[in-house]
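Dear colleague,

Please find the structure below, handed over for your records.

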Amino acid sequence: MTFALFPLRTVSALARVAESPGERTFTVSFPVTIVTPAEVPAAAQRPLRQLEDALERAGLELRRFGDEGRDAERVGMLAHVARSSAAVLYALRLTVRRTQEGPEEPADVAAVRAAAEFVQTVRAHNDRVPILLVGDQLTARRVPQSVLSRIDGVVNAYEDTPDFVARKIKREVSHYIGQLAPPFFAALMSYAGDAAYSWHCPGHSGGTAFLKSPVGTLFHDFFGENLLRADVCNAVEDLGQLLDHSGPIADSERLAARTFRADHLFFVTNGTSTSNKIVWNSLVGPGDIVAVDRNCHKSVLHAIILTGAVPIYLMPTRNKAGVIGPIPRREFTAAALQEKIEASPLITDKSRPIRLLTLTQSTYDGIIYRADELKASLDGVVDALHFDEAWLPHAAFHPLYDGMHGVAKDRDRTNRTVVYATQSTHKLLAGLSQASQILVQDTSAGHFDDRVFAQAYRMHTSTSPQYAIIASCDVSAEMMAGKRGPALVEETITEAMEFRRTIIRVGTECDDWWFGVWGPDTPPRTGLPERAEWELTAGAGWHGFDQVDDGFTMLDPIKVTLTTPGLTVHGEFSAPGAPSIPGVVLARYLAEHGVVVEKTGLYSLFVLFTIGITKGRWSSLVAELHRFKSAYDGNATIERLMPGFVTTFPGYAGRGLRDICEDLHATYRDADLAELTTAIYTEPVEQVVLPADAWTAMAAGRVEHVPVEKAAGRVTAVLLTPYPPGIPLLVPGERISASVVRFLRHEQILAHRWPGFTGITHGVVEEDDGSHRTIACLV
Ligand SMILES: Cc1ncc(COP(=O)(O)O)c(C=O)c1O
């Protein structure tokens, strides 16, 4: 169906466009869905057929849906109907009744109950789509209040002409489609749809510059005209200003704040890397004491360098399979923080307050903390509390995570400590890459200073933000509003649980080896997980952490660490000849077969379930794991399995998959890599120089490029970050230990022996002649 671009919206910019002669029309592919439950007899469907003809005459696309099927499938189908329909017409056939009185027919009771259940399920997934009951005996008396309150109308055949009813439905549809887009996205579509010439940048001028060359035309056709017409600059007043939070952008941010239950919410177009720096630069200055999760994202470490802060670190536990565990509860107490301040060689004034505490709320492997408890216990102990929720934007939308995310207006407010959360919309929700947001929960006394915050925001935000990213921040927030967010998150959790159960079930059916999922023993029952099942407890063996505080942390079930045979969480390598599959081999195999995973560990892969997950996607992964197992068991040659990989690394030609896995496993085992990779992340670190000073020395050239072999005892001027997993190991200004050097030497040996199957450490530089690797160290 073709609609004028939002003819019914009242936003002023849109109203103007709707009147302008250059208005562009916009085709949306939402059909009207006609639902006929199985029991509606064919004869009774005649008025429905007449209505369908009239709807088609009115230019509406139709789709039929028979409301049958198995329970789980049916709910999935109804969710699809709810989200992809312009309107839903439900055929409800009741018995013809001569008088107004008398008990309902049993068949009517069943039909009304089925309709009520249908409407409830559709509404759980879409609280706005027009739903109309169509029948010939429908009155407010016969349709219960619980149904009437959830629908948009009742159509009785023969009361009006089919064409009149069709026009009425078309009006409902237009209204529904017209109010779908949130303010900024609506304004942007409207602007892009208006055939006005642009004289502002970007220089491609709505895409026309690309059409002046063949490769540009290719680019234009690939991305499509809308993306390029919507790529505008901040001179366009109608769209508002991201840097000032004005106009439709501000309207959308306000709506998003309501959806995410924040006092303030700001869209950010350069990822949570930038969101983190904005929060930091708005709060922290040179010499300020900050407390930081030692396994934080590198953007937080960059913020330490940028601000000149003096860090103390909160130390997480770690298991021998390389999974980062929780920071013990005690580390967050005022006493423990003060002990760290006392012990710091970099802090002279030990009485200074802690300006900011940053915590990775959802570690890469899915551990999350009881945020409510931390907010209460740290209130007044630190000036600001920052939850880096890059991986947790979904938590506000499901009771499984109650109290486990930083900002929630309806939960206890702190008195003195302002709470921030930074979220990568693009990681788990439907945002374009780099879509991120900053959420603020102010104190009861109002300590948040938006004027200072605005300065930091402008410092880090480009004056040419990408408007498609802003629109995706807007749309992804709108997608989570009302009941839509909870439904989407519940679906994600359900799919993750199904995947976990499938992996476990296949394991019980295989008599030799199979993959595992890191997490508590998942009950085989269907349905949603219970919070208590996912909380980490000291007594449980599955996590492999030495130190766990009961009731303090949980594993987010949608973050799935798939384990391969070869290493236990306690660091025991499997014996020679036993199944052993280094994670990197499986990751390479999967990549060659179109499955790219988020992160690879020594004997694990990290698989992320986002709201974009589908049954087909995870089922294909399971099928691919089966194929890998057959190839491994049959020791199939690697060039047959991974021809692309062998073209790049021909040295492996002719070798069998199992042989490669066993040899690489032997290399890991001989080097006791599990112990070593744990040690380098958990050993005490000596801070010698302030991170900002180490950086300044490097920028001024006061560094020596020391060969890795000779680096023990020297002070690094750069961030050292091994990939995978991409978690910083040493911060500028810290002393390089003997075990770090041992790790880096192993990395080099592995790189020579196992090209293509090894990682690299960012910060270590391969010299031009390839003869050796160096680290920039302070002189
Ligand atoms: C914990 C954490 N914080 C921040 C970031 C940065 O997010 P973005 O990629 O959106 O810049 C990441 C990225 O992986 C992360 O893992």
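Apart from neighbours within four places in sequence, Leu-439 contacts Phe-260, Ala-262, Leu-265, Val-407, Tyr-420, Ala-421 and Gln-423, contact meaning C-beta atoms, placed from the backbone, within 7 Å. This is a predicted model, in which local features need pLDDT of at least 70 and side-chain atom pairs count only at pLDDT 80 or more, while totals for chains, interfaces and linings use all residues. Residues are numbered from 1 along each chain as its sequence is written.

Leu-439 is also among the residues that touch the most other members of the largest nonpolar core, which holds 173 residues; Leu-188, Val-290, Ala-291, Tyr-420, Ile-470 and Val-585 are the others. Such a core is a set of buried Ala, Val, Leu, Ile, Met, Phe, Trp, Tyr and Cys residues joined through C-beta atoms within 7 Å, buried meaning 20 or more other C-beta atoms within 10 Å of the residue's own. A second, separate core has 36 residues, including Ala-86 and Leu-94.

Around the ligand (C-beta within 6 Å) lie Gly-271, His-297 and Asp-388, among others. Helix H11 (residues 271-281) supplies the largest share of this shell, three residues.

Notes:
Buried ≥ 20, exposed ≤ 12 C-beta atoms within 10 Å, placed from the backbone. Contact = placed C-beta atoms within 7 Å. Helix = DSSP H or I, 4+ residues; strand = E, 2+ residues; numbered from the N terminus.
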